[in-house]
Amino acid sequence: MNIKRQINLFLNQQKELFGNEIFTYSLNKSIIKKTSLYSESLAMEHLENYENSISLCQECSLGKTRNNFVFGSGDHNADLMLVGDVPGVNEDNQGVPFMGREGKLLDKILSAIGKNRRSDVYLANILKCYIPQNRNPLLSEISKCKSYLFKQIQFINPKVILALGRISGKVLLNMDLPLEKLRENVHDFKGIPVRVTYHPAALLRNPDFKKEAWKDFKWATTLLKN
């Protein structure tokens, strides 16, 4: 029996016993949290169905050169969503965003704020396909692909978005400004607070940026606690 069938069987059994709500303890065991029994299962199913519906996309020339369609990964009910710009060669090979050295650095940052890429965080990019020679994405490519990201955000409905890099900030906010200018303010994407910070690749190239990026991740953590 595959994992999905096991989950559905368990949820159906729980529904028969306890109805449509389940009580779970928070991490500190001191607060009981009541959640919809099917909310996580439905979010996962909807997002997986959407991924399947677009994964063969050939709307631009990148569809012909990619190895893998890099949809996104993480917690389907995440409070924090991280949005990068374009998958790199490691992502293209594995079909998962933020891999290689960039991914390892991001994992360390997430660990420092008490999170990881599988729990309460969702990772995605503006574009879903690798661009050969690592050039910047064309406006035509962005216009074809950004609706996929916007739909992901709608499904996940995070409480906070961190845009990693100028391109992701530009697309999410429809503001063509330098990254330093974008970082000066908290922005809004359809009611969701957005802060633009440095991409992990930029932090590897210039470690001096890490201090400022840390401030942005701490801001997100503080906002989520309120």
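This is a predicted model: local features need pLDDT of at least 70, side-chain atom pairs count only at pLDDT 80 or more; totals for chains, interfaces and linings use all residues.
I started with the lining of the largest cavity, where H6 gives the most, with 4 residues.

I sorted the lining by class and got 7 nonpolar, 2 polar and 5 charged residues. For volume, I wrote down about 90 Å³ in the largest cavity. How many cavities of 30 Å³ or more does the structure hold? My tally is 1.

Next, a residue on H6. I picked Ile 142, which has its place in this helix. Is Ile 142 buried or exposed? Its relative accessibility is 11%, and the cut-off for buried is under 20%, so I put Ile 142 down as buried. Then I looked up its partners, skipping neighbours within four places in sequence: Ile 142 is in contact with Ile 126, Leu 127, Pro 137 and Val 171. I checked one of these pairs by distance. Ile 142 and Ile 126 sit 16 residues apart in sequence, and their C-alpha atoms are 7.2 Å apart in space.

On to H10, residues 210–225.

Which residues of H10 are buried? I listed Ala 213, Asp 216, Phe 217, Trp 219, Ala 220, Thr 221 and Leu 224. A reminder to myself on helices: there are 3.6 residues a turn, so residues three or four places apart point the same way. I then asked what the buried residues of H10 pack against. The strands are S4 (80–84), S6 (160–164) and S8 (192–197), and the helices are H5 (100–112) and H9 (200–205).

Last, some totals for the protein. I counted 10 helices and 8 strands. Of the 226 residues, 44% are buried. Among contacts with a separation of 6 or more, 66% join residues 24 or more positions apart. The accessible surface comes to about 12800 Å², and carbon and sulfur atoms hold 51% of that.

Methods:
Residues are numbered from 1 along each chain as its sequence is written. Side-chain values use heavy atoms; hydrogens and water are left out. Buried means under 20% relative accessible area, exposed over 50%, partly exposed in between (1.4 Å probe, protein chains only). Helices (H or I, at least four residues) and strands (E, at least two) are DSSP runs, numbered from the N terminus. Contact means heavy atoms within 4.5 Å. On a 1 Å grid over the protein atoms alone, a cavity is a set of points where a 1.4 Å probe fits but cannot get out, and a pocket is an open set with protein on both sides within 12 Å along at least five of seven lines; lining residues have an atom within 4 Å of a point. Grid points are joined across faces, edges and corners, and a volume is the space filled by probe spheres set on the points. Ala, Val, Leu, Ile, Met, Phe, Trp, Tyr, Cys and Pro count as nonpolar, Asp, Glu, Lys and Arg as charged, and the others, Gly among them, as polar. Accessible areas come from the Shrake-Rupley method with a 1.4 Å probe; for residues, only the protein chains shown count as cover.
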